[in-house]
Amino acid sequence: MIELESVSKRFGATIALYETDLCIDAGRTTVLIGPSGCGKSTILRLIIGLLEPTTGTIRIEGQRVSESSVLALRRRIGYVIQEGGLFAHLTAAQNVLLMAKHLNQPARQMQTRLRELCELTHFPENALTRYPVELSGGQRQRVSLMRALMLQPNVLLLDEPLGALDPMVRARLQDELKEIFQRLQQTIVLVTHDMAEAGFFANVIVLLNEGRVVQSGTLDDLRSRPASTFVRDFLHAQRGLAAI
Amino acid sequence: MKSAAILFAIFASCSVAQPQQIVVGSKRFTESYVLGEIAKTALQNAGFTVEHKQGMGGTIILWQALRGGEIALYPEYTGTITEEILKTKHPLSTDRMRALLRQEGIGMTGELGFNNTYALVMRRDRAAKLGISKISDLRNHPELNIGVTHEFLDRQDGWVPLTTRYGLQMHNVRGIDHALGYAALATGSIDLKDAYSTDAKIAENDLIVLDDDLHFFPQYKAVFLYRLDMESRAVATMEKLVGTLDEARMRRLNSEAERTKNYALAAALYFGQKPISPSNDLFGKIGRWTLRHLELVGASLFLGIIVGIPLGIRASRPGQVSNFILATSGVVQTIPSLALLALLVPLPFFGISPVTAIFALFLYSLLPIVRNTATGLQDIPTAVRESAAALGLEPHAQLWKVFLPLASRTILAGVKTSAIIDVGTATLAALIGVGGLGEPIISGLNLNDYSTILQGAIPAALLALLVQFFFDGLDRIFVPKGLRLKE
Ligand SMILES: Nc1ncnc2c1ncn2[C@@H]1O[C@H](COP(=O)(O)OP(=O)(O)OP(=O)(O)O)[C@@H](O)[C@H]1O
Ligand SMILES: [Mg+2]
C-alpha cells in the first residue's frame with residue numbers, strides 16, 4: 001500500500017501538485033490519468049524519491065520515504081518510463097542485470113531470473129547481447145520492463161510505458177502487459193493520458209487536473225457519477241470509449 | 001599537499017641527479033655554447049664526469065640555476081655580472097666583484113682573455129675608402145647610413161649615450177634586426193652597424209671593428225662563475241683556462257661553431273684535439289628532445305586528468321561552484337603561455353625547473369578536460385539519469401557504472417584536445433631551460449638557423465599527429481561499444 005498524506009510539490013512559482021491525500025491499494029492496478037502537465041509523472045517521481053515533497057509524507061508499506069530509506073525502497077520498486085531510459089553503453093542483458101550484479105547476486109540465480117523475464121515479456125533471448133541502439137522500440141520497452149522487474153519488486157511504477165510505440169505494437173503490448181500484471185499480482189501504478197488504456201488496465205482510476213485529484217474510482221463510477229463537468233468533458237473528449 | 005607531493009615525485013623522476021657529476025650550463029648563443037663545451041672538455045680531461053646543459057636561457061635563468069645548484073658553473077661576462085647580477089651602476093674592481101659574489105656562495109675565475117663588448121663594425125673596403133678606423137672618425141661623416149639593433153638603440157650603454165660621448169651627429173639612423181643588418185652591410189644599404197666584438201660574422205664578412213678610442217663601451221671580459229662548493233681540483237682546472245682566449249681566437253671558434261653547428265668540434269679546436277664524442281648524432285638528439293617533450297606532456301596530462309575529471313564532475317551540477325570552476329579554468333586558458341611561465345618562475349617551489357613547465361602545461365590542459373567532463377555528464381538525458389537513480393544505485397555507483405561510461409566519449413575528446421595543446425605548448429618549456437623539442441626551435445631562432453628550428457618543429461608537428469592517432473585508437477578501448485554503434 002502506498003499512502004500520500006497532505007503531499008504537495010512546488011517548483012519555484014509553479015505548483016505541480018496541490019496538497020493531496022491519496023491511498024494506492026496493494027496488489028491492484030491504479031491508473032493515473034489527466035491532461036498533460038496535471039502532475040501524473042510528479043506523483044510517480046515523489047513515490048520513488050526522485051523528488052522530495054514540498055509538504056506532507058509518503059509511506060510505502062508503512063515505511064516513510066526519506067533520505068535514509070530511499071535506496072532500500074527503490075530496490076523494492078520497479079520504474080519504467082516512456083523513453084525507456086536504457087543505458088546505451090550496456091547490452092540488453094547488462095541493462096537488466098546491472099543492479100543484481102551491483103548487489104553481488106549469484107550468477108546462476110541471475111541467469112535463471114533473466115530467462116524467466118524473457119519468457120514473461122516475450123523478449124527473444126538471442127537479442128540479449130544487443131545494445132539498445134540495435135533494438136526496436138517495443139523491444140526496448142520490454143528490456144526496460146525486465147530491468148524494473150529483475151529484483152522482484154513489490155511495487156511497479158510505469159510512466160506511459162507504451163506512449164512512444166506505434167498502434168499495432170502498442171495494442172499487442174497492452175495485452176501482454178495486462179497478462180503480466182495478472183500473473184504478478186503486484187501493486188501497480190500506471191500513468192497514461194489515454195482513457196481507453198486506463199479502462200483496460202485499471203482497478204482504480206485516479207483522474208487529475210492541474211495538480212489536484214478530481215475523482216477516483218472505477219471507469220463506471222467516473223462515467224455514471226462524474227464529480228464535475230471536467231470529468232464529463234474529459235471522458236467525452238476521449239473518443240471510442242463507448243467500445244469498452 | 002598531496003598534489004604537491006605528486007608534482008615533486010614527477011620532478012624528481014625527470015631530473016635524475018648523479019652525485020659525482022659536474023653540470024656545466026650555458027646561455028643561448030653560440031659563444032656561450034662554445035665556452036660551455038670548452039669547460040666540459042677541460043673538466044673531462046681532468047677526469048671528471050661532466051654534463052653540459054646547452055642554451056638554458058638568459059642571465060637570470062643561468063644565475064638562478066647556479067645558485068640553486070642545478071648547475072655548478074657557467075660562462076659569464078664581467079659587464080653582465082656588474083649590471084645584471086650585482087646590479088650596480090659603477091664599474092667594480094675584480095676584487096670587489098669577487099667579494100660580492102662570495103656572499104652569494106659563488107666564485108669567479110680569472111679573465112679568459114677576450115672582451116666581448118659592443119662594437120661598431122663597417123665593411124673593410126668602405127672604411128678604407130672613407131679613412132675611418134676609430135669611432136671618433138665618424139664625426140666627419142654625418143651622412144653615413146647607420147643600422148643598429150633595436151636593443152642597442154635603447155640601451156643605457158647603447159647608441160644615444162655613445163653619440164653624446166663622441167659628439168656625433170649622424171643623420172640617418174634606424175633600427176634593424178641583427179642578422180638582417182649583416183646582409184644590409186654586405187649589399188651596402190647600410191654602412192655601419194653594432195656587433196659583439198667576438199661575433200663570428202666579423203671574420204666571415206671581412207668587417208673591421210672601429211676602435212673605441214674614448215673607451216665608451218664597458219668591459220665584458222669572459223670568466224666562469226662557479227659554486228664555491230665545487231671541488232677545488234675542478235676550480236683549478238678552470239683557472240688553467242685563464243688568459244688563453246683572445247678576441248681573434250674566440251672569433252675563429254665562434255665562426256667554426258656557427259659553420260658546423262658542432263660546438264664540441266669548436267671546443268676541440270681550442271684544445272687542438274679531435275672531439276671525444278661527436279655529438280653530431282642528430283637522431284639521438286631528437287630522440288632525447290622528444291623523450292623530454294613526452295615526459296612534460298605526459299606528466300602534465302596525467303595531472304590534468306586526475307584533477308580535471310573530478311572538477312568536471314563537480315562542475316556538471318548546477319550552481320555557483322560550477323560556474324566558478326568553469327570560469328576559472330577558462331581564464332587560466334587565456335593567459336599567454338609566456339606570461340604564465342614568467343608569473344610562475346619567481347614563485348617559491350617553482351623557479352627554473354620542470355615542475356614549473358609541468359604545472360603551466362597542467363593548467364592549460366584543465367579547461368578542455370573540465371569542460372568536456374561537465375558537458376558530457378550534463379548531456380545525459382533526464383530519463384537515463386532518473387532510471388539510474390530509480391534502480392536504487394548509490395550516487396557514486398550511478399556515476400561509475402552509468403554516467404561516466406556514457407560521457408566517456410566526450411571526456412576522452414577533452415583529454416585529446418588537452419594532449420594536443422600540451423604538445424604544442426610544451427615547446428615553450430625550452431624558454432625556461434627545461435628542454436624538449438622547443439630547445440632546437442628556440443636556439444635555432446636565436447642563431448637564425450632554420451635547419452636547427454626544423455629539427456624541433458618537424459618532430460613536434462609529427463608528435464601532435466601521433467597523439468591524434470593515439471587517441472583515436474584509445475576511443476576503441478575506452479568508449480563502450482554500445483556508444484560507438486551509433487555511427
Ligand atoms: N523539474 C521541474 N521544474 C519545474 N517545473 C516542473 C518540473 N517538473 C515538472 N514541472 C511542472 O509540473 C507540472 C506537472 O508536471 P508532470 O511532469 O507531473 O506532468 P504530467 O502530468 O506527467 O504531464 P505529461 O502527461 O505531459 O507527461 C507541469 O506544469 C510541469 O511543467
Ligand atoms: Mg508525464
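A: Let's start at B:Phe469, which sits in helix H21 (residues 450-478) of chain B; helices here are DSSP runs of H or I with at least four residues, strands are E runs of at least two, and both are numbered from the N terminus. This is a predicted model, where local features need pLDDT of at least 70, side-chain atom pairs count only at pLDDT 80 or more, and totals for chains, interfaces and linings use all residues. Residues are numbered from 1 along each chain as its sequence is written, chains are lettered from A and ligands numbered from 1 in the order written, and side-chain values use heavy atoms, leaving out hydrogens and water.

B:Phe469 counts as exposed because its relative accessibility is 57%; the cut-offs are over 50% for exposed, under 20% for buried and partly exposed in between, with a 1.4 Å probe and protein chains only. As a handy rule, an α-helix has 3.6 residues a turn, so residues three or four places apart point the same way.

Now for a contrast: B:Gln398, in helix H19 (residues 395-425) of chain B, counts as buried because its relative accessibility is 10%. Leaving aside residues up to four places away in sequence, B:Gln398 touches B:Ala388, B:Ala389, B:Leu393 and B:Phe403, where contact means heavy atoms within 4.5 Å.

H19(B) has a helix partner too. Its axis and that of helix H14 (residues 282-315) of chain B come within 10 Å and cross at roughly 145°; axes are lines fitted to C-alpha atoms, for helices over the stretch in contact, and angles run from 0 to 180 degrees between N-to-C directions. Residues making this contact include B:His293 and B:Val297 of H14(B), and B:Leu399 and B:Asp422 of H19(B).

Over in chain A, you'll find nine helices and 10 strands. Buried residues make up 51% of its 244 residues. In helix H1 (residues 40-47) of chain A, six of the eight residues are buried, among them A:Ile43 and A:Leu44. After H1(A) comes A:Gly49, with a positive phi near 80°.
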